[in-house]
Amino acid sequence: MKKERRVTVPTLQEMKKRGEKIAMLTGYDFLTAQLLDRAGVDVILVGDTLGMVFQGHESTLPVTVDEVIYHTRAVRRGIHSALLVADLPFLSYQVSIEEAVRNAGRMLKEGGAVAVKLEGGSTAVPVISALVQAGIPVMGHVGLAPQSCNLIGGHKVQGKTVEDIEQLLEDAQAVEDAGAFSVVIEAVPWPVAREITSCVTIPTIGIGAGPYCDGQVLVTPDLLGLFTAFKPHFVRRFAQLGDETLKAFETYVSEVRTGGFPTLDESYSLDESLLKEWQQVSREIPIAPDREV
Ligand code: KIV
């Protein structure tokens with residue numbers, strides 16, 4: 001019997017050593033998680049992007065700990081192999097170390113996640129260290145930090161000056177030194193992401209950070225062409241499910257309106273003897289002439 005592959009934190013580190021690329025995607029629900037897992041995705045992230053692509057908010061800021069836990073539980077039920085990472089939403093880890101440990105712990109205890117992800121470089125060191133000491137694996141996230149979009153004036157490419165570039169390198173190294181097992185690099189020019197990837201020993205997972213990272217992540221509804229409000233430069237739509245889905249919904253509406261759905265084949269019929277019995281007690285039952293019983 002084929003042995004089932006289960007991705008763990010050390011698996012990702014071994015993949016980096018072997019030069020094997022890591023495929024990570026976001027997931028928010030049971031059905032999609034099943035498909036991601038079957039496709040061989042190594043890491044499924046219940047990202048706080050759920051606020052935008054699932055709830056329709058303009059940013060990730062409104063997402064709560066309870067909401068991430070709710071989605072993480074659903075995704076957990078769809079996974080056999082992939083490593084499940086839950087995102088720590090805005091204000092769940094910035095207020096105090098104690099709150100951070102409690103909220104991150106809930107992701108594991110109640111959500112069934114194996115690890116958490118949080119945004120921040122050097123400034124996040126105390127919280128990363130505390131979580132790791134508590135036995136909670138942490139994925140870092142440097143470069144564009146969407147939870148700080150109000151501070152930085154939107155979702156912009158990072159590393160625009162030499163000082164910024166040096167800070168990015170310092171941030172990634174600090175995240176590794178604090179004990180993170182991996183780090184997401186978001187919206188960073190590829191030469192900088194390549195340099196970070198060669199400097200740190202933990203796997204780097206890029207999103208808008210070029211091809212030289214140890215792995216890649218995309219927001220799944222972007223990849224599927226389901227989220228179409230805007231398309232970041234780095235997104236490739238591997239399918240056009242938005243168009244396909246819309247077509248299916250429109251066809252359904254039209255078939256219902258014209259009586260084309262459901263057909264009798266798509267309906268439950270009545271056993272002939274039961275029908276006869278019924279007709280004896282109520283002879284008024286109209287049976288359509290073309291109706292098969
Ligand atoms: O929340 C999220 O989905 C993320 C990915 C974009 C990495 O942080």
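## Second largest pocket

The second largest pocket holds about 680 Å³ of space. Of its 31 lining residues, Gly120, Gly121, Thr123, Ala145 and Ser148 are the closest to its centre. A pocket here is an open set of points on a 1 Å grid over the protein atoms alone, where a 1.4 Å probe fits, with protein on both sides within 12 Å along at least five of seven lines; lining residues have an atom within 4 Å of a point. Volume is the space filled by probe spheres set on the points, which are joined across faces, edges and corners.

Helix α8 (162–178) gives the most to this lining, with 4 residues. α6, β5 and α7 (149–152) also each supply at least two. By class, the lining has 13 nonpolar, 13 polar and 5 charged residues. Ala, Val, Leu, Ile, Met, Phe, Trp, Tyr, Cys and Pro count as nonpolar; Asp, Glu, Lys and Arg as charged; the others, Gly among them, as polar.

## Basis of the model

This is a predicted model: local features need pLDDT of at least 70, side-chain atom pairs count only at pLDDT 80 or more, and totals for chains, interfaces and linings use all residues. Residues are numbered from 1 along each chain as its sequence is written, and side-chain values use heavy atoms, with hydrogens and water left out.

Helices (H or I, at least four residues) and strands (E, at least two) are DSSP runs, numbered from the N terminus.

β5 pairs in parallel with β4 (residues 115–117) over 2 bridges; pairing requires at least two DSSP bridges. Lys117 stands opposite Met139 in β5. From β4 the chain passes through helix α6 (residues 125–133) to β5, a right-handed β-α-β crossover. Right-handed means that, with the strands pointing away from the viewer, the path from the first strand over the helix to the second runs clockwise. β5 also runs parallel to β6 (residues 182–186), joined by 5 bridges. Here Val142 stands opposite Ile185.

## Largest pocket

The largest pocket has a volume of about 920 Å³. It has 41 lining residues, and Glu186, Ile207, Gly208, Pro232 and Phe234 are the closest to its centre. β1 (22–26), α3 (50–53), β6 and β8 (215–218) each supply at least two lining residues. β8 has the largest share, 3 residues. The lining has 23 nonpolar, 10 polar and 8 charged residues.
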